[in-house]
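Reader: I would like to learn how to read the pockets of a protein model, beginning with the classes of residue that line them.

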Amino acid sequence: MNKTSNIARFIPLSVPSLKGNELKYVSECIETEWISSAGKYVERFESLLAGYLGAESCVAVSNGTAALHLALICAGVKNGEEVFAPSITFIAPVNAIKYAGAHPVFVDCDDHLNMSAESLSAFIEKNCVYKNKKLINKKTLRRISAIIPVHIFGNPADMPAIMEIARKYGLKVIEDATESLGSYYITGPYKGMKTGTIGDYGCFSFNGNKIITTGGGGMLTCKKKSDADFARYLSTQAKDDALNYVHDNVGYNYRLTNIQAALGCAQLEKLESYIEIKRKNFKLYQKLLSKLFSKFSGFSLITEPEYSFSNYWFYSLLTDPGVIEKSELITRLKTMGIEARPLWYPNHLQKPYRKEPRCTMKKTMHYFERIVNIPCSVNLTDADIRLVCESIIEKVG
Ligand SMILES: Cc1ncc(COP(=O)(O)O)c(C=O)c1O
């Protein structure tokens with residue numbers, strides 16, 4: 001039995017809302033018996049998302065991790081090379097680097113929890129040499145060939161600075177926009193552009209906890225159509241002759257199904273309203289927690305960077321261990337039926353990656369010790385948010 005079963009209302013961290021045309025579109029797939037990896041919804045989802053993002057091409061895939069893996073292959077990342085990635089992120093992009101046979105180089109975060117361009121450039125200046133248009137890690141003697149900035153919790157990373165570094169050192173850029181669908185830049189060289197459309201590749205996830213979901217699913221955006229064609233080919237087991245099943249490359253089974261794409265089309269119709277709700281709820285949290293913030297200066301909510309408009313997928317509460325340990329707060333909220341989570345365990349400390357190169361992890365450890373994510377589903381009511389805030393204030397004491 002769930003430990004919270006004696007509590008009147010359980011408020012989960014992030015659950016989907018499927019109250020639009022989901023059932024209608026999925027029923028159509030079942031009625032017409034187009035349920036697998038071909039069908040009108042796959043193409044429709046790809047073209048609707050490309051239109052929404054303003055992206056050249058979109059390739060629907062089985063999940064965000066598959067999109068990252070295909071992007072790394074399309075980027076030409078080779079066995080034994082290195083790729084810059086954040087330590088603070090869900091581990092998927094780091095694992096995808098490993099699938100490509102490469103090594104992550106972990107970068108510290110900034111005050112929005114995103115990859116720090118300052119940390120990235122300090123690492124390059126101190127530890128790398130740029131020779132014959134190749135960036136080499138002086139210690140490992142391996143070539144560094146790409147960067148994966150992640151737009152953490154929906155907040156856009158500092159792409160102008162990251163793109164400048166990428167151009168200077170000939171690095172490919174794969175944006176992990178799995179959490180930031182709909183977020184965009186409001187100032188600077190990418191003003192008006194959405195996350196996932198700035199680098200060479202953009203990767204999206206439609207996992208159940210994301211701002212829109214297909215149950216499980218992903219999308220890859222490519223700047224070049226030839227890359228999108230190659231990714232699509234690799235995602236369908238690299239069939240060079242579809243009749244005789246001739247394969248000139250090692251392929252993958254990474255395609256999205258028509259049923260998942262049908263869900264995606266229905267969810268996409270709701271995306272703008274979901275973003276509006278997420279932003280409105282963030283403001284309400286900010287207002288209701290302001291008492292706490294003025295009492296304890298170490299507490300605040302992580303806000304969108306000033307240069308951007310965030311989809312506010314997740315709400316990150318910065319806490320103060322001098323007042324309460326984050327684990328203590330999470331446990332206390334659980335007794336009230338409120339689900340909260342710490343930040344992911346830093347990737348440079350994860351067992352498979354402890355020996356990989358890294359920058360100095362000052363901010364990563366600071367935020368890891370302090371962040372608590374609080375409920376953010378689009379179906380939260382104002383009363384839910386009030387209850388969460390009152391509980392936080394009461395539990396912090
Ligand atoms: C930052 C980040 N990258 C990649 C992924 C992987 O996406 P998926 O679970 O669809 O493989 C996720 C989420 O699940 C994520 O949060």
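Reader: How many nonpolar, polar and charged residues has the lining of the second largest pocket, by class?

Author: The lining of the second largest pocket has four nonpolar, four polar and eight charged residues, where Ala, Val, Leu, Ile, Met, Phe, Trp, Tyr, Cys and Pro count as nonpolar, Asp, Glu, Lys and Arg as charged, and the others, including Gly, as polar. This is a predicted model, in which local features need pLDDT of at least 70 and side-chain atom pairs pLDDT 80 or more, while totals for chains, interfaces and linings use all residues. Residues are numbered from 1 along each chain as its sequence is written, and side-chain values use heavy atoms, without hydrogens and water.

Reader: What is a pocket, and which residues lie nearest the centre of this one?

Author: On a 1 Å grid over the protein atoms alone, a pocket is an open set of points where a 1.4 Å probe fits, with protein on both sides within 12 Å along at least five of seven lines, and lining residues have an atom within 4 Å of a point. Here 16 residues line the second largest pocket, and Asp 108, Glu 118, Ser 119, Ala 122 and Thr 360 lie nearest its centre.

Reader: Why does the second largest pocket lie between domain 1 and domain 2?

Author: Domain bounds come from an automatic or database domain assignment; domain 1 (22–268) and domain 2 (271–396) both give residues to the lining of the second largest pocket, so this pocket lies between them. The largest pocket also has lining residues from both domain 1 and domain 2, and therefore lies between them; its lining has 13 nonpolar, twelve polar and four charged residues.
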